[in-house]
Amino acid sequence: MSPVTRDFTATAFVYWKGKTLLHKHKKLGIWLPCGGHIDPHELPDDAAIREVLEESGVEIELIGERTLSIDEPKQLIRPRGIQLEYIHEGHEHIDLIYFAKPVKTYNGYLRDDDPTLGWYSPDDLQSMNITEEIRAWTTLVFQELGVEN
């Protein structure tokens with residue numbers, strides 16, 4: 001039996017004006033938040049921000065806390081969750097899940113008016129074919145971030 005290989009990934013559930021950002025994954029054909037592999041020598045925070053920008057064109061800031069209020073060593077945003085995801089036989093992802101919001105200057109634009117990318121309300125999600133996991137995460141996003149700032 002071969003050992004299991006694992007990659008670290010970063011995912012961001014982005015909340016804006018009562019909606020969350022999802023895209024239909026090209027290979028899997030299911031609705032997911034933006035995210036992907038953490039590149040070598042990349043910080044997880046930076047990977048989450050980069051992945052959302054690459055996949056949607058939206059600049060974000062992560063929501064969360066840094067455990068300590070010090071500059072050295074650098075404190076990273078604490079992910080909202082960490083989960084182990086089965087990808088295929090012999091391979092898994094350790095996924096750092098973040099909550100985020102667009103930067104203050106965001107104007108609602110999504111990359112290339114892509115129909116596989118959009119902002120979805122809780123009502124929209126009720127009629128969408130999303131996994132139990134994504135439904136649970138989006139419910140948590142709306143519960144925790146649903147108060148407009």
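Colleague: How many positive and negative side chains does the protein chain have?
Modeller: There are 15 positive ones (Lys and Arg) and 26 negative ones (Asp and Glu), with His and the chain ends not counted. This is a predicted model: local features need pLDDT of at least 70, side-chain atom pairs count only at pLDDT 80 or more, and totals for chains, interfaces and linings use all residues. Residues are numbered from 1 along each chain as its sequence is written, and side-chain values use heavy atoms, with hydrogens and water left out.

Colleague: And how far apart are the centres of the two sets?
Modeller: They lie 3 Å apart, placing each charge at NZ of Lys, CZ of Arg, CG of Asp or CD of Glu.

Colleague: New topic! Which elements are there, and in what order?
Modeller: From the N terminus, the protein chain runs β-β-β-β-α-β-β-β-β-α-α. Those are DSSP runs: helices (H or I) have at least four residues and strands (E) at least two.

Colleague: What does the C-alpha trace span?
Modeller: About 45 × 40 × 30 Å along its principal axes.

Colleague: Let's look at α1. Which residues are buried there?
Modeller: Among them are P44, A47, V52 and S56. Buried means under 20% relative accessible area, with a 1.4 Å probe and protein chains only.

Colleague: What covers them?
Modeller: The cover includes β1, β2, β4, β5, β7 and β8, counting contacts as heavy atoms within 4.5 Å.

Colleague: What comes after α1?
Modeller: G57 follows α1, and its phi is positive, near 85°.

Colleague: Last one: how much of the whole chain is buried?
Modeller: 42% of the 149 residues.

Definitions and conventions:
Buried means under 20% relative accessible area, exposed over 50%, partly exposed in between (1.4 Å probe, protein chains only).
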